[in-house]
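Trainee: I would like to learn how to read aromatic rings in a structure, step by step. Could we go through one together?

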Amino acid sequence: MLSKFLRSSRPAPAASFSVAPGERLYAIGDVHGCRNELERLLALIDADAAARGPAETSLIFLGDLVDRGPNSAGVVARLLELGRERPATRFLKGNHEEVFLLALGGDREALRLFCRVGGRETLMSYGLSREDYDALDYDELTERLPDLVPATHRDFLDSFEDLVISGDYAFVHAGIRPEVPFEEQVPADLRWIRGSFLDYRRPHPKMIVHGHTITDDIDRRANRIGIDTGAYASGKLSALGLEGTESWTLQT
């Protein structure tokens, strides 16, 4: 399955970009239900931040917290807690959150898609047995969802943002529609786009940091940086650190 999403990665020529003055940011790629990798990466970030000294530090999660991995419920619970502890933390809504929320809202077609893209693992992490999952039809499963997923989790996921900008960087889940101003971007592109964004070679108004498309390592290009390293299949969850004009990576 990983090969379906995997693209080659290669370094791009270095250019000078900076985040907003006084900020230190850590952007975290697609977690996809990998609670253990998340905990390890958060520990690496804390150690890295401590070694670099005091700064206004924020985390930006690029979306797709759920599906495919074994513990989506645990990931959502952990990051709900983290958001309360560290209010500067930002969360972007990925396509998997979008589909999950539509399914929770009773959209039967969204539920069918959800189940095809890793939703079974998500529902099992919320306590649905494999036997019940296999036995229920879509209508029955729709009726069970409100009892499985706490309202606090649903509200948390629904509060996620579409775009975060800091200095010369813009953070999105999937990418942007090339040559369309940020204020005219539509959520569907920000959460789902691939080809026309990934293949675009000209500069964007900002350096785009994104997840959504898996590469075997951090994918640095002249106009974008992809940080989805397929944690659910590879065990490698990645973060991009940014401060001033510096950038560095951390990985499990």
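Trainee: How many aromatic pairs does the structure hold?

Mentor: Rings of Phe, Tyr and Trp (its six-membered ring) pair if their centres lie within 6.5 Å, and planes under 30 degrees apart count as stacked, over 60 as edge-to-face and the rest as tilted. The structure holds nine such pairs. One of them joins Phe 61 and Phe 91, a stacked pair with 5.3 Å centre to centre and 15° between the planes. This is a predicted model, where local features need pLDDT of at least 70 and side-chain atom pairs count only at pLDDT 80 or more, while totals for chains, interfaces and linings use all residues. Residues are numbered from 1 along each chain as its sequence is written, and side-chain values use heavy atoms, with hydrogens and water left out.

Trainee: Which strands hold Phe 61 and Phe 91?

Mentor: Strands are DSSP runs of E with at least two residues, and helices are runs of H or I with at least four, numbered from the N terminus. Phe 61 lies in strand β2 (residues 56-61) and Phe 91 in strand β3 (residues 90-91), so the pair links distant parts of the chain, 30 residues apart.

Trainee: Is Phe 61 buried or exposed?

Mentor: Buried means under 20% relative accessible area, exposed over 50%, and partly exposed in between (1.4 Å probe, protein chains only). Phe 61 is buried at 1%, and Phe 91 is buried at 8%.

Trainee: Which residues do ring pairs link into a cluster with Phe 61?

Mentor: Ring pairs link Phe 61 with Phe 91, Phe 156 and Phe 160 into a cluster.
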